[in-house]
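Have the viewer open and follow along.

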Amino acid sequence: MVTVADRPRLDALPPERGARLRAFLFRHRLFVAALALAFLLRVVTMLGYGPALWFNDSYEYVSGAVNPSRPSALRPNGYSFLLLLLRPLHSFALVAFVQHLMGLGIAVLIYTLLRGRFGLPGWGATLAALPVLFDTYQIQLEHLIMSDVMFMLLVVGVITLVLWHRRMSWRLGAVIGLMLALTALTRSIGLPILALVVVYLLVKRTAWKTIAAMITACALPVVGYMAWFASAHGNFAMTNSDGAILYMRTSLFADCTKMKVDPREELELALLCISAPPSERHFSGQKYLWWAQNGQRFHAFGVGSTFTPEMNKTAGTFAQRAILSQPLDYLGIVAGDFFRAFHWGRPRFPDVQTYVQYEFPLTTKVLPAWSSYQGNTDTDARKYDPGLRVAQLQGKQRVIGTDLHAPWADFLQGYQRVVRLPGIVLGALLLVGLAGVAARWRALGGAVLLPWLAAFGLILAPAATAEFDYRYLLPAVPLACLAAAISLRHGFSRPVAAVPAAVTPGDVTSGDVVPGDTPTGTTAIGPAAPPAVADGSVATAPGAPDPVTPDSTSSAPVTPSSGVTPSSGTASAPTTGSAG
């Protein structure tokens, strides 16, 4: 008799792999469920608003992808490079889908870092990822043709790599440096994050080769970009807008009388003086940079003179003079914008037109026909995605950037009114993180320090150099969640007893402890092994007899008569490191 074996199915997992997958999904079931629900919300977003949402800055990014031969004078082209990479597929819907995956990827990084590196239980790590997964404004930002989600992913990725590895090789340092370069090329504030990471690694006594490799790997792409920028605009820089934006920051209080600007000797500075007294100026500095209205002086040198190297330098000099001449006024306006981030509500700021661009729209979005480099904003968008719908409106052919589709759009509009992270909650997370830094003062803040400083800096930097904007808060949220979760991790789970492995002195670069390396007096978390208890005795597994240690006041050795047998106790191991 001849038997024929069944042909193996190519789409079936081997039994052992299937069992491992089921065990993995069950072990992380809370996060998997939350991730699946968050993915469905993003699918609903794509069904309700196709192909994507638009902000005023979106058109400059698209122009950079359509005309990649020239860097933007306003902002770095890192996000335009991403659009250029996806351009062969000619779909803004694909761009939005990739950005939604980035948002989910940020949540995965948070969960993985907290579970794998700091030993939080599944529910605790999932809780820290919820704002990224479900906050309406996070989802809306992912659907915008904007650089912010890419920037968020890079920043969280850098901090994850730094905190995950207790020992960093120079190769890993180079990888982190390249990621920091991409961060800086996506948003200019990425360079201060490099300085923050370098200082953190110096404090943690990381090998100099690692730090040198990181700085070099970051510097090479950035310097190359600046050389490209110089070839197009004539100055070795990343943008021609930093001085102009700082001018916007000071425009609400700058008083040329207090600044002692002499119009006969400093005509260029005098032309930027705003005639209205500070008490009568608009509440937003946007008017004095972007709006062509009475009292707006930034365009005093004529059309085409804005965002040139000369104008940027003059505006920057004016702003620096204002800050040095009126430091208290400057600090007051920075403090006002900084604390504006922590309101329970969501006041309309800096103006209604900007505010509504962070809301899911109620009507179809018609793209403006503004002038752009070698074209117009609407024609640039159609060059990138020829599938954009064209409609006859008021006797003109107009490009439709966003179409609404019921009932999905209706659901999202209602969802946005209910589900969001209030600013006061973000403030509470920062306070918890700050308490964690203070509790670890002997370790200079431990692993809490890096994400907390990054979150704090991402909120403070716009208030100090530009102006408050709601989208500037969102990159700080995952970092604030990380800092708060690491600070509270000892309260998330019960101790599990076992003997830790010894740690080589000087081996910890993150400044905090990982499961199995918990120092004396702390409690290990999750599946990892806990340490000997603070008095030098040995923790035991649940149900095992308590070990007996010598009396602290006696030098007599323990004898068998003391009730300790080789099977009833465990040997103690030394613990090292500092309290997390």
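A residue counts as buried under 20% relative accessible area, as exposed over 50%, and as partly exposed in between (1.4 Å probe, protein chains only). This is a predicted model, where local features need pLDDT of at least 70, side-chain atom pairs count only at pLDDT 80 or more, and totals for chains, interfaces and linings use all residues. Numbering runs from 1 along each chain as its sequence is written, and side-chain values use heavy atoms, leaving out hydrogens and water.

There are 23 aromatic pairs here. Phe, Tyr and Trp rings (the six-membered one for Trp) pair if their centres lie within 6.5 Å; planes under 30 degrees apart are stacked, over 60 edge-to-face, and the rest tilted. Here are two of the pairs:

| Pair | Centre distance | Plane angle | Type |
|---|---|---|---|
| F349 and F468 | 6.0 Å | 55 degrees | tilted |
| Y355 and Y470 | 6.2 Å | 75 degrees | edge-to-face |

(Helices are DSSP runs of H or I, at least four residues, numbered from the N terminus.)

Y355, in helix α17, and Y470, in the loop between α21 and α22, are 115 residues apart. Y355 is buried at 11%, as is Y470 at 7%.

Y470 also has the charged end of R346 over its ring, 4.1 Å from the centre; that takes CZ of Arg or NZ of Lys within 6 Å of the ring centre and within 35 degrees of the ring normal. Elsewhere, ring pairs join W54, Y59, F92, W370 and Y384 into a cluster.

Definitions and conventions:
Helices (H or I, at least four residues) and strands (E, at least two) are DSSP runs, numbered from the N terminus.
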